[in-house]
Amino acid sequence: MALTFLTSADLSIDIVVTCDKSVECSDEQRSTYLSSGDLSDLGEVKESATRFTIKALSPSEREEAEVRAGAYSRSELGRILWVESPSDTQEKARWHHALTDDERTAMADYQAYLSRVYTEMVRSSLTHIGGETASVDQVNLIRPDGHRLIVMAELVAHIQRISLLGIEGK
């Protein structure tokens, strides 16, 4: 069988984030690491790198996170626009500029929903930072904001990977 199925949500792993000054990697290494979760895929990870411990989420835990984030009240128009938006930055800017005010509001509402989903997934999955009991509230204190956003995105990428595919990954 070509697909891998998670047999247990009782998995947890330690990860690092690539914006950590103690982690050195190329864009290609970062991409590979986010897909594999294997620290050896990164360039150099110093002992001082902050380790985050996350646990896999069961399907019901993932659904609960989406519901807490507002799954039943999210903007469906915003979701459709988000899916259909161009990937090229300049093309996307022109496309976004041409949206009506209602469409922009719907897209903004959907992007806010996605941000809440990410927060709820991290809330449900994050157990430790640097070996100490941790919560999403600590992640929200990371500065600068650009690093906080990267940390959230990378935590969610790892959570989704281990929750759907297990530690072995693809």
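Buried means under 20% relative accessible area, exposed over 50%, and partly exposed in between (1.4 Å probe, protein chains only). This is a predicted model, in which local features need pLDDT of at least 70, side-chain atom pairs count only at pLDDT 80 or more, and totals for chains, interfaces and linings use all residues. Residues are numbered from 1 along each chain as its sequence is written, and side-chain values use heavy atoms, with hydrogens and water left out.

**View 1. Glu76 is a residue of helix H3 (residues 76-84).** Helices (H or I, at least four residues) and strands (E, at least two) are DSSP runs, numbered from the N terminus. With a relative accessible area of 36%, Glu76 is partly exposed. Glu132 is 56 residues away along the chain, and 39 Å separates the two C-alpha atoms.

**View 2. Here helix H2 (residues 59-69) meets helix H5 (residues 101-125).** Their axes come within 8 Å and cross at roughly 135° (axes are lines fitted to C-alpha atoms, for helices over the stretch in contact, and angles run from 0 to 180 degrees between N-to-C directions). That makes H2 oblique to H5; angles under 35 degrees count as roughly parallel, over 145 as roughly antiparallel, 65 to 115 as roughly perpendicular and the rest as oblique.

**View 3. Look for Leu155 among its contacts, meaning heavy atoms within 4.5 Å.** Beyond its neighbours within four places in sequence, Leu155 touches Ile15, Phe52, Ile54, Val122 and Val139. Phe52, Val122, Leu126 and Leu155 touch the most other members of the largest nonpolar core, which has 33 residues. Such a core is a set of buried Ala, Val, Leu, Ile, Met, Phe, Trp, Tyr and Cys residues joined through side-chain atoms within 4.5 Å.
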